[in-house]
Amino acid sequence: MAHGTSRTTVRIVGNPLHPLLAAIPFACFTGALLTDIAYWRSADMQWANFSAWLLAAGLLVAVFAVIVGLIDFLFDRRVRALGVAWMYAGGNALALVLAILNSFIHSRDAYTSVVPMGLILSALTVLIMLVTGWMGWELVYHNRIIAVEDRT
Amino acid sequence: MNVKLLFCAAAAAALASCGPAPIDPKRQIGAHPYLPDIHQYLVPPMHVATNIGWNGATPKAALGLAVKAFASGLKNPRSLYVLPNGDVLAVETDGPPAPINRPKEIVMAWVMNQAHSSVKAAQRIILLRDTNGDGVADMQTVFLDNLHSPFGIALVGNDLYIANTDGVMHYHYQDGQTQIMTPGNLLTPLPGGPIDHHWTKSLAASPDGTKLYAGVGSNSNITENGIGAELDRAAVWEIDRMTGAHRLFATGMRNPNGLSFEPQTHALWVVVNERDELGPDLVPDYMTSVKDGAFYGWPYSYYGQHVDPRVMPQRPDLVAKAIPPDYALSSHVAPLGLTFYTGDALGAHYSGGAFVGEHGSWDRGEFNGYKVVFVPFADGKPSGVPEDVLTGFVDGDKDHGRPVGLAVDNSGALLVADDVGGTVWRVTR
């Protein structure tokens, strides 16, 4: 068994689940930023519709990512001992709050569902997730928190 | 169930977003309504009443008037028409299923389901006849079946016109007929699906019988389905009865209904449902005479030059042309029925004035509407404040029914279609 890896991390057939799940909201929210920009430039409502669906889909998967992440975080003392894990969790929590607000903004009708507040929130969400995403890789590769242990 | 609590309380706690406190609706009545600042919600309030039926109870008529059920057990009666022999046509109708374009529409569909009747409309027209004159219909026949979200009816001589949501149909009608067996023919197609947001097509024949006028509502609240979906909508169409050719008589009216000719000036009047989600007191719904060629603002502006920031690209050229309507009815009352009173059976007080059926609000903390009001007229213009004629549809957070279309029968009684209550009410002295 490799040293310093977590035993309690939630996995499916040996692979940790949280990094897989966390990638989906990140991709959705990045997509929403792009479709927001497309709407801002074109005023074509279909782009704004894409944004609303991407935000909703991202938030839906985020619910599961949060559950799995919380289990990893709460049930392993070594994870909680890492400052970067706290920053990762806090940053993602902030990003999710912004994404929820953004979903409500996107539920408005027509132009002001995106410009300016929706666009700003989409950009902030992606910026935060870029940082937390980098922290996530830190946790996986540098601290080996949820690296696979049983295959070695 | 209390949807308001679910949406508004959760939202208020978390986000403090339920918006400004409502103002007194009386400040938004008449030619110059008070228009507060725009408030765009994070979570718009959705306050719909739970229907508990009438169970033998009736609405409350104004002092000096009485009300009785003319017919009950109907499936979503939304509009009425009185034939020359006194038979009453009740249109059992509902809108076509709405497409889901955004996550929001899943929530909206659910809320609207709470507000509307759980009874599936039959998409047909029922003929109601009172053979013994006791003020209750004792004969019911299916007059016309298999219609497509019908709403408006107009009769000129033996030519009967039914406005389905996607077109005006023409039928031959013989006095006294209780059922139409011959297939109709399409006079003029109207904008229908696949998106058909405001689907009720109100209909009226001009006093000289040469023209038909049809109300064609917008395809969105405020262009959220794209401006392309609004082609020839938010307008009153003028249709040539002989050829079926049409032109846009007036534009910029978000959802015009209750098309009626004012008896003294013969001007066409409508009631219009204005836009939502700018606050509990924006934008006041209104009634107005319809001026040929006029533009009433939607979607770019309201009450003249009050620009709506949600529309892009904006059109300052059209905003400059927009004219304000004649008479505000206050916000979100959802007027869907309008009829002028030319009889005297209800008393001289009502002669020449207009009855308005207010279906009632759904996007406002405090209920507004849910009643039938009377607006006195003099010289072809409203000459006073609206008076309640029929109330008692709402009881706390519950409702018994909701008033929609209006008509005056041959004895001069006022008929009120109550869609959720499944009833046609008859108001007499």
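What share of the contacts in chain A between residues at least 6 apart in sequence joins residues at least 24 apart? The share is 72%, where two residues are in contact if their C-beta atoms, placed from the backbone, lie within 7 Å.

## Basis of the model

This is a predicted model, in which local features need pLDDT of at least 70 and side-chain atom pairs count only at pLDDT 80 or more, while totals for chains, interfaces and linings use all residues. Residues are numbered from 1 along each chain as its sequence is written, and chains are lettered from A, with ligands numbered from 1, in the order in which they are written.

Chain A holds five helices and two strands (DSSP runs of H or I with at least four residues, and of E with at least two, numbered from the N terminus), and the order from the N terminus is β-β-α-α-α-α-α. Of its 152 residues, 41% count as buried (20 or more other C-beta atoms within 10 Å of the residue's own, with C-beta atoms placed from the backbone).

In chain B, four strands form an open antiparallel sheet in the order S13-S14-S15-S16 (strands pair if DSSP finds at least two bridges between them). Strand S13 (203–205) and strand S16 (246–251) are the edge strands, each pairing on one side only.

Strand S15 (residues 235–240) of chain B pairs with S16(B) in the antiparallel sense over five bridges, and B:Glu238 stands opposite B:Arg247 in S16(B).

Conventions:
A residue is buried if 20 or more other C-beta atoms lie within 10 Å of its own, exposed if 12 or fewer, and partly exposed in between; C-beta atoms are placed from the backbone.
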